[in-house]
Amino acid sequence: MAAPRVWLFDFDGTVADTFTHAVHIMRRLAPAYGFRALTDEEIPHARGMGFRELIEYLHIPKHKVPGILARGRRELNTEITTIGLCPGMPAVLRELRARDHQLGIISSNSKVNIHAFLAAHGLDCFAHVSTSSKLLGKAREIRQTMKKHGYKKGHTIYVGDEIRDIDAAHKAEIRCAAVGWGFNNAESLRAAKPDYFAQTAEDLLTIAEKDLVKN
């Protein structure tokens, strides 16, 4: 009998369609924190950037990043129940669970926001939610989650929409599926060398049919 497969998902831009809301929040915060707001014309260019490159592009001092992110999470909380799911994800997530795959979330958003969102959409297919206050601390959170739940590296895959998600999976030595409907564009995601690329949510089911166990 094959070992159960484990799917760890990023939240923002992968499960929840938060991109537009996040851009608006960052624009509201820009004057207070002294950084440059992203214009509509700059969005396509920004989608090709990694996180460090983006904060430099917007002239955000590194020491202000934690405070900006914490404020952003709080502001997102007031809108979280009005945010939709990414196209096709509800059916795909439920199908993965129906196939006895284990699902979890690992995100830099807050547990309060994530649980409120999941409750608003009646989405109860995730066995656990883990969060990291550090945007670049996902690799450590992935390793800790796997250790806590006894997940094997060869049976686990991380699904995300950003370059940093791919980097985190590589550091944690697990496979990664990059998705093409979130923040970073397909070209930049493919350049980061994920194990799989999903243009649509349904593509994740095709990936689920592959052997994810490393030899």
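Reader: Which ground rules apply here?

Author: This is a predicted model, so local features need pLDDT of at least 70 and side-chain atom pairs count only at pLDDT 80 or more, while totals for chains, interfaces and linings use all residues. Residues are numbered from 1 along each chain as its sequence is written, and side-chain values use heavy atoms, with hydrogens and water left out.

Reader: Why is T14 called buried?

Author: Buried means under 20% relative accessible area, exposed over 50% and partly exposed in between (1.4 Å probe, protein chains only). T14 has 0% relative accessibility, so T14 counts as buried. You will find T14 in the loop between β1 (6–9) and α1 (19–33); helices (H or I, at least four residues) and strands (E, at least two) are DSSP runs, numbered from the N terminus.

Reader: What is T14 in contact with, leaving aside its neighbours within four places in sequence?

Author: Contact means heavy atoms within 4.5 Å. On that basis the partners of T14 include F9, C86, V159, G160 and W181.

Reader: Why is A116 called partly exposed?

Author: The relative accessible area of A116 is 24%, so A116 is partly exposed. A116 lies in helix α6 (residues 111–120) and touches I80 and T81, not counting residues up to four places away in sequence. The C-alpha atoms of A116 and T81 are 6.7 Å apart, although 35 residues separate the two along the chain.

Reader: How do you know that the buried residues of α6 line one face of the helix?

Author: The buried residues in question are N113, I114, F117 and L118. Seen down the axis of α6, they fall within an arc of 125°, so they line one face; the arc is that of the directions from the helix axis to the C-beta atoms. The face turned away from that side carries the exposed residues V112 and A119. Among the elements covering the buried residues of α6 are α4 (65–77) and β2 (102–107).

Reader: What makes β4 and β5 a pair?

Author: Two strands pair if DSSP finds at least two bridges between them. Four bridges join β4 to β5 (residues 175–179), so they meet that rule, and they run parallel.

Reader: Why is the crossover from β4 to β5 called right-handed?

Author: A crossover is right-handed if, with the strands pointing away from the viewer, the path from the first strand over the helix to the second runs clockwise. Here the chain passes from β4 through helix α8 (residues 163–172) to β5, and this β-α-β crossover is right-handed.
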